[in-house]
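Colleague: Can you walk me through this model? I would like to begin with the pocket.

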Amino acid sequence: QIYREEEGQTALMVPNAHSFEMAYLVQDPVSKDYNWNEVFLPVKPGDLPLAVRLIYATGGSYENTQQTFFIPAGGSLP
């Protein structure tokens, strides 16, 4: 549904979240270094990040929680 830009069902997954950020793991095509970026800008069509990190704080806590999701097909696709 994400790729088709269709509406889907929504569910509250992080109740009481008061801050939320995303970061994308990418490999720099020139230096070959791996970096976490706040914005994902594909080098060419079909590129995916290697991983996505969700960073959030909930309830009365101001300490961030991180969850990282690796994308098996991430990186440049031919």
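Modeller: The largest pocket is lined by 19 residues, and V26, Q27, D28, P29 and V43 are the ones nearest its centre. A pocket here is an open set of points on a 1 Å grid over the protein atoms alone, where a 1.4 Å probe fits, with protein on both sides within 12 Å along at least five of seven lines; lining residues have an atom within 4 Å of a point. This is a predicted model: local features need pLDDT of at least 70, side-chain atom pairs count only at pLDDT 80 or more, and totals for chains, interfaces and linings use all residues. Residues are numbered from 1 along each chain as its sequence is written, and side-chain values use heavy atoms, without hydrogens and water.

Colleague: How much space lies in the largest pocket?

Modeller: About 350 Å³.

Colleague: Which strand gives the most to the lining?

Modeller: β1, with 3 residues. Both β1 and β2 supply at least two residues each. Strands are DSSP runs of E, at least two residues long, numbered from the N terminus.

Colleague: New topic. How do β1 and β2 pair?

Modeller: In the antiparallel sense, over 4 bridges; two strands pair if DSSP finds at least two bridges between them. Strand β2 covers residues 34–37, and its Y34 stands opposite Q27.

Colleague: What is in the turn of that hairpin?

Modeller: There are 6 residues between β1 and β2, and K32 in the turn has a positive phi of about 65 degrees.

Colleague: And how many bridges join β1 and β3?

Modeller: There are 8, again antiparallel, between residues 17–27 and residues 51–58.

Key: Points joined across faces, edges and corners; volume = space filled by probe spheres on them.
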